[in-house]
Amino acid sequence: MTADRHIAVIGSGIVGACVAAALSAETYRVTIIEPGPVGGEQAASFGNGAWISPASVVPMSVPGLWKKVPGYLLDPTGPLTIRWPYLPAMLPWLVRFLLSGFTEARVERTAKALASLLSDAPARHRALAARIGQPELIASRGLLYVYPDRSAFASDGLSWRLRRQNGVRWTEYEGAALRAVEPALGPGYDFGALVAEGAHCVDPGAYVASIKDHVLAGGGQLVTAAATGFSVAKGRLRGVETSKGMVDCDAAVICAGIGSRRLARLCGDNVPLCSERGYHAVIGGLHSGPSIPVMTSDSKSANTPTRAGLRIAGQVEIAPVRASPDWRRADLLLKHAAATYPSMRDALQACGITRWMGHRPSTPDGLPVMDRSSLSPDILHAFGHGHVGLAAAPMTAHIVTSLIGKREPASDIRPFSLRRFSG
Ligand SMILES: Cc1cc2nc3c(=O)[nH]c(=O)nc-3n(C[C@H](O)[C@H](O)[C@H](O)COP(=O)(O)OP(=O)(O)OC[C@H]3O[C@@H](n4cnc5c(N)ncnc54)[C@H](O)[C@@H]3O)c2cc1C
């Protein structure tokens, strides 16, 4: 009987929330351990671009990226930046990051592994949102990738080849046909690829909080505390130590986003997890504007209509968690939005703008870690989802529940093993 087994879920961003919901659906006793407000700003899951895209199979590190590194160091306005003072500390992670995308064969393997997490992500999210009584949180209007022209699209050939190889389908639009799909787009973008299967979440923070409410309504518990360690006897987990005392349990899942690195180390697992810091700006109070989420090829920003307004999310800033935010990066996103949607320039001046910075929990190869810990088979890792944590969370939850129930997951999980870091 699963009801006899008590599972602690450490961290309640989208990954922890989905894991907790999947475990409680299988009638395990679930306790969520989370120090912050669930769905709150401390989590990457609050402020992401809200895209649930089967097309997010292209890793950040691709062949030839190393040639662009000097530019990233010198240009503070590009989509990827490395803060100079932190370069020595980040160098080991950066080298692994560049090596992971050094050849097309490596990138193809990564894309295939990502596809196993993403290919049915919109359907899984729709099912979950319906189960928690909030189907309207997931919008299924497709996702539009836009380019200045067809030749710019062609020069991104590797990305679209990887997508095609992994079963992603899209429709191409040009000129007036593109503007019919999204009338707010300015003349800077004349070519687009619409991934009709793609979906987005209209309020990612509220989604996480609602999943947690559903878990609690089903008998789960929430301990508002930080996990600080593990009590293990003869290899079996006895409980999770927290800032508010011990939570006795039979198994635990580490889903603490960027905070997972420390917890994994306590289990003897040294995972190269780094923060790829990202930003968003939300333009609130818009009465009209874009209706379809748009990703721009040059600024790599996701422009997503949400309940709070148009959210422009993006930027990759390689710097430690402790470094203070550089709000100029959120302002850059606003500048790009004004170029993408010229008709909104005045609205940008008039509307209320909020800014946010958060930490993508990123491994060098862009794949999460889903594996049993070295300290005890009862402690599972489920973190490191980098750029795709929202989209990949339901499939992650399926894999975790399979491992806890000692069943074979629906897909090959070897790419997510800890062993890949030990070579
Ligand atoms: C700008 C930006 C845009 C993005 N866009 C997208 C997108 O469009 N689509 C997509 O799929 N992904 C996107 N992502 C990535 C996605 O947001 C992350 O991969 C995902 O949110 C990670 O979820 P998580 O639950 O692992 O971590 P988090 O959401 O960070 O949650 C971790 C939780 O663990 C808690 N915690 C930390 N330490 C402890 C501890 N010791 N004990 C207990 N709890 C602890 C934290 O308080 C936090 O609530 C984006 C990210 C950013 C920053």
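Which side chain does the side chain of Arg355 make a polar contact with? Hi everyone, let's start there. The partner is the side chain of Asp331, at 2.7 Å; a polar contact is a pair of N or O atoms within 3.5 Å, where within protein one must be able to donate a hydrogen and the other to accept it, and residues adjacent in sequence count only if both atoms are side-chain atoms.

A word on the source: this is a predicted model, where local features need pLDDT of at least 70 and side-chain atom pairs count only at pLDDT 80 or more, while totals for chains, interfaces and linings use all residues. Residues are numbered from 1 along each chain as its sequence is written, and side-chain values use heavy atoms, with hydrogens and water left out.

Back to Arg355. Arg355 is partly exposed, at 38% relative accessible area (that is, between the 20% limit for buried and the 50% limit for exposed, with a 1.4 Å probe and protein chains only). Beyond its neighbours within four places in sequence, Arg355 is in contact with residues including His280, Trp327 and Leu334, contact being heavy atoms within 4.5 Å.

Now let's turn to the domains, whose bounds come from an automatic or database domain assignment. The centres of domain 2 and domain 3, taken over C-alpha atoms, are 21 Å apart. Six residues of domain 2 are in contact with six of domain 3. Between these two domains there is one residue pair in polar contact, both at pLDDT 80 or more. On the side of domain 2 that touches domain 3, three residues are nonpolar, three are polar and none is charged, with Gly counted as polar and Tyr and Pro among the nonpolar ones.
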